[in-house]
Structure formats: C-alpha cells, structure tokens
Amino acid sequence: KNKINRVRYKNFLILSVGRLVNYKGYNIAIKAIKYLPLRYKLVIIGDGINKKKLLTQIKDLNLNKRVKIIDNADDQLKEKFLKKSSIFLMCSTSRAESFGIAILEAISYGLPLIISNVKGSGMNDMISNNFNGYKFKNFSSIDCAKKILKLSNSNKNLKQFSKNSLKL
C-alpha cells in the first residue's frame with residue numbers, strides 16, 4: 001500500500017494537515033518556506049479561524065506559487081497528498097497538540113517528519129529525532145527551514161527515515 005520512494009524531486013513537496021488555529025504554528029511553516037530555495041512547496045490541508053490571516057501572510061511574503069491552503073479536502077484528496085509528499089511538517093507551538101492524528105497518518109504513509117520540539121506534547125511520542133525525522137526549535141522558522149534542508153538534501157536519510165516511520 002505505502003511505497004517508499006522519497007527522493008529529491010524538481011519540486012520538493014512538504015505537507016501539513018490540521019485546523020488553522022494559532023497554536024498549530026502555520027505562520028512558522030509559511031515563513032520557513034521563504035528561507036528555502038524555490039523548488040520547495042508547502043501544502044496545508046485544513047480550515048479554521050486563521051485562514052484569512054495565513055492567506056495574507058502568504059501574499060505578503062510573495063509565496064502564492066509556493067504555499068497552498070486547501071480547505072474542505074476529503075479523505076481521497078488528503079491521501080493523494082500523503083502519497084506524493086516528501087516530508088510531513090508539524091509546527092505546533094503548544095502542548096495543546098496532545099496527540100496529533102495527522103502525524104500518525106503521515107507515519108502510516110512512510111513520511112519523514114519535521115516537528116517542533118514542544119516539551120510535554122504528544123507530538124514527541126511519534127518522532128524519534130534522527131530516526132524518522134527531526135525536531136526543530138519551537139517558534140523558529142529558521143531552524144525549521146534548516147531541518148527541512150538537512151533532511152531533503154540527503155536521499156539516504158529521506159529513504160531511511162521513511163522506512164523508519166513505517167516501522168513505527
């Protein structure tokens with residue numbers, strides 16, 4: 001069901017899924033894309049009260065061609081993005097992220113993870129740093145971008161972290 005062929009593509013697709021609320025940290029994810037080369041794209045699947053604010057941020061940072069927000073996505077569309085993405089990104093900033101079903105789904109598709117390091121968060125239970133992904137310094141778009149580059153610039157790590165996610 002879940003093929004493991006996470007390799008560098010011309011366009012490198014990063015996926016994030018969840019409600020568009022403050023503690024999810026999508027503003028951090030969007031800003032991180034600004035620090036990355038043009039081939040990096042971010043798809044956010046979700047809806048919520050911060051949608052308008054995030055769309056304004058995307059426009060202000062001139063990222064309209066690199067960052068997309070998809071609301072009202074059904075399971076079939078979400079599965080399509082889980083299959084074609086190279087990395088799953090979760091930038092939640094608070095312990096309010098108690099478990100993270102979207103992270104569990106990403107792991108089940110063999111996606112390597114980039115997750116904010118929030119002490120006491122359930123997100124930490126689903127990532128083993130340097131095993132199936134990397135943790136980045138909470139609230140830091142720069143460290144997030146660095147971790148994305150570190151992972152994406154190594155086909156060996158992409159493949160190994162993908163296999164390790166499936167092992168979990």
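**Exercise 1. Place Asn130 in the fold and describe its backbone.**

Solution. Asn130 sits in the loop between strand S5 (113-117) and strand S6 (133-137); helices (H or I, at least four residues) and strands (E, at least two) are DSSP runs, numbered from the N terminus. Next, the backbone: Asn130 is not a glycine, yet it has a positive phi of about 70°.

Before going on, some ground rules: this is a predicted model, where local features need pLDDT of at least 70 and side-chain atom pairs count only at pLDDT 80 or more, while totals for chains, interfaces and linings use all residues. Residues are numbered from 1 along each chain as its sequence is written, and side-chain values use heavy atoms, with hydrogens and water left out.

**Exercise 2. Do the analysis for Asn62, and decide: buried or exposed?**

Solution. Start with location: Asn62 belongs to the loop between H2 and S3. Then check phi, which is positive at about 60° although Asn62 is not a glycine. Last, accessibility: Asn62 comes out at 63%, so it counts as exposed. The cut-offs are under 20% relative accessible area for buried, over 50% for exposed, and partly exposed in between (1.4 Å probe, protein chains only).

**Exercise 3. Work out the surroundings of Val67.**

Solution. Step one: Val67 is part of strand S3 (residues 67-70). Step two: its relative accessibility is 3%, so Val67 is buried. Step three: skip residues up to four places away in sequence, and Val67 touches Ile30, Ile33, Leu42, Ile44 and Ile58, where contact means heavy atoms within 4.5 Å. Step four: compare sequence with space. Val67 and Val43 are 24 residues apart along the chain, with their C-alpha atoms 5.8 Å apart.

**Exercise 4. Find the salt bridges and say what some of them connect.**

Solution. Side chains of opposite charge can pair when their charged atoms come close. The rule here asks for a side-chain nitrogen of Lys or Arg within 4 Å of a carboxyl oxygen of Asp or Glu. That gives four salt bridges, and we'll walk through some of them.

- Lys51 pairs with Asp71, with the closest N and O atoms 2.4 Å apart. Lys51 is in helix H2 (residues 51-60) and Asp71 in the loop between S3 and helix H3 (75-84), so this pair ties together parts 20 residues apart in sequence. Lys51 is partly exposed at 23% relative accessibility, and Asp71 is partly exposed at 23%.
- Lys78 pairs with Glu105 at 3.1 Å between the closest N and O atoms. This one links distant parts of the chain, 27 residues apart: Lys78 in helix H3 and Glu105 in helix H4 (residues 101-108). Lys78 counts as buried at 16% relative accessibility, whereas Glu105 is partly exposed at 25%.
- Lys83 meets Glu79 at 3.6 Å, N to O. Both lie in helix H3, four residues apart, about one turn of the helix. Lys83 is partly exposed at 48% relative accessibility, and Glu79 is partly exposed at 28%.

**Exercise 5. Which residues does Asn164 contact, leaving aside its neighbours within four places in sequence?**

Solution. First, find the element: Asn164 is in helix H6 (residues 155-167). Second, check burial: a relative accessible area of 5% makes Asn164 buried. Third, list the contacts: with those neighbours set aside, Asn164 touches Phe131 and Asn132.
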